Amino acid sequence: MATIVVEHISKSYTNDKKTQIGISDLSFTVNKGEIFGLIGPDGAGKTTLIRILTTLLLADSGTASVDGNDVVKDYKAIRNNIGYMPGRFSLYQDLSVEENLNFFATAFKTTVEENYELIKDIYVQIEPFKTRRAGKLSGGMKQKLALCCALVHKPSVLFLDEPTTGVDAISRREFWDMLKRLKTQGITILVSTPYMDEANLCDRIALIQGGKILVIDSPEEIKHNYKHALWAIKTEDMFKSLIDLRTFNSTLSCFSFGDVHHLSVKDNITTKEDILNFLKEKGHTEIDVQPISANIEDCFMELMTKTNTSNTLVNA
Amino acid sequence: MPELVLEIDKLTKQFEDFVAADAVTFTVSKGEIFGFLGANGAGKTTVMRMLCGLSMPTSGSAKVAGFDIYNQTEEIKKHIGYMSQKFCLYEDLTVKENITLYGGIYGLSSAHIKEKMEKLLKELSLTEDANKLVRGLPLGWKQKLAFSIAIFHEPKIVFLDEPTGGVDPITRRQFWEMIYETSRKGITVFATTHYMDEAEYCNRVAIMVDGKIEAMDSPDGLKKTYNGKTMDEVFYVVARKAKRQAD
């Protein structure tokens, strides 16, 4: 059963008398109990979409519902039943941890005790600082408090707008562990992130760029559907080999991926030997060429080049 | 012996009873790409601020581009470039005006600015957009422009504080290619990032934990020492030792 239904939603903004597309004709559904990821860079339209679904912004056209409630007609019902963690820290900085939590519980006509089981795991981590003002917390603790406040009324759906942006790799991992535990409690989670590696932690994802959805599927399916042959390549001089590989006849694209380059080729007849020979001719040493399967970033880059919704310079 | 652009010895910064940076010691050579990693609150920003001449150390010594961080902070500011996550571009000035403004701040002559600007605009394919407000540029272009401006006065070293947050994967890689080119011209690059794959692009990486440098080596060296397949694994092993939580 679909908990979130989005049908042909569009929204544009006027900026300096020019109309800019925020999001354009988006449609998808999120199933009950699913962790659904909106994955894309800044400006892709992630926040716009979340604000429409949380009834904070009206779409220009299209319809959407959360738990069967229409985002326009039934906005009050939606507000009572969802939890929302905006991208920017929005708790009361001059209230303490405890006061913030009590405030949000009261606003939703409940108590912290009533749903304590749900937030317990997270709250115990910030409990030692419960008398500290929210404004004086570290980034990681603010994030945990914000999540507690979004959960205190036991929402059926949780909207998280870039909860891990600017957060270090360890806190990011801990945060995703918390989300997995919430999922087991039956809460549907829609989460946005610019970090492609977090895609693998979602049940299904929408890759989004320039206000359009590039693809919607499970991360496994998206990776499985990558069409081109892909090679991981290492050489002694990595920068030179990157530039050289882009002049190779069969090259579709070549990008750095940490300690290797990912080379995607146009055809399926290019062999490992062809690549090795090309690099040797160019004077490269310590060459290693291995066939690999695509990760989410490979897929995103291929899709954004193909659909050309990109607002960046794609000349590589 | 390569020319050293950063020489840091037991650099310490204490705020009352909190030691934000604790006897930090390392050197960075000319043209090197040096990655500076650490969890939130590990002390990265504190060290960067001292190296940029914006904050006085409690003890220890450091030279940046040959200048002393106690009594030559003004010289340091002239010989370094800096780019933060927020880019420091003026949104309501045009591309050209931003370049002219920063060129002027760094004391370049009008003729020099004009000549360099033409070349830069061509390199960035921004010639046609040169008279447009920066506000209207896509994020990726702003980022490249901000970086180009940070090295416009040809500093010895450029500090990049999480420069690639929120951009798409292609732009992120193009940005690192600009960093490579910059280091090949002999400009040292000192960068912080939360993307562990980007740590792989650095010649050497330091990982800060609780105010101290806990590990420092080439990415390959760190992976061997900590028995990790990726820098993400290395970072997890090293940074997990942190006892304190702060920002």
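**Exercise 1. Find how many aromatic pairs the chains hold, then classify the pair of A:Phe28 and A:Phe36**.

Let's start with the total: this predicted model has 16 aromatic pairs over all chains. Next, take A:Phe28 and A:Phe36, whose ring centres are 5.1 Å apart. Rings pair if their centres lie within 6.5 Å, so the two belong on the list. Now look at the planes: the angle between them is 0°. Planes under 30 degrees apart count as stacked, and stacked is what this pair is.

**Exercise 2. Classify the pair of B:Phe26 and B:Phe190, and work out which strands it links**.

Begin with the geometry: the centres of B:Phe26 and B:Phe190 lie 6.3 Å apart, with 15° between the planes, which makes the pair stacked. Then locate each partner in chain B. B:Phe26 belongs to strand E2 (residues 18-29), while B:Phe190 belongs to strand E8 (residues 188-192). The pair therefore links distant parts of the chain, 164 residues apart.

**Exercise 3. Decide whether B:Phe26 and B:Phe190 are buried or exposed, and name the cluster that holds them**.

Buried means under 20% relative accessible area. B:Phe26 has 4%, so it is buried. B:Phe190 is buried too, because its relative accessibility is 0%. Now follow the ring pairs: they join B:Phe26 and B:Phe190 with B:Phe34, B:Phe36 and B:Phe159 in a cluster.

**Exercise 4. Identify the rings that lie under the charged ends of B:Lys116 and B:Arg173**.

For B:Lys116, the charged end sits over the ring of B:Phe152, 5.1 Å from the ring centre. For B:Arg173, look across to chain A: its charged end sits over the ring of A:Phe257, 4.0 Å from the centre.

Technical notes:
Residues are numbered from 1 along each chain as its sequence is written. Chains are lettered from A and ligands numbered from 1 in the order in which they are written. This is a predicted model: local features need pLDDT of at least 70, side-chain atom pairs count only at pLDDT 80 or more; totals for chains, interfaces and linings use all residues. Side-chain values use heavy atoms; hydrogens and water are left out. Rings of Phe, Tyr and Trp (its six-membered ring) pair if their centres lie within 6.5 Å; planes under 30 degrees apart count as stacked, over 60 as edge-to-face and the rest as tilted. Helices (H or I, at least four residues) and strands (E, at least two) are DSSP runs, numbered from the N terminus. Buried means under 20% relative accessible area, exposed over 50%, partly exposed in between (1.4 Å probe, protein chains only). A charge sits over a ring if NZ of Lys or CZ of Arg is within 6 Å of the ring centre and within 35 degrees of the ring normal.
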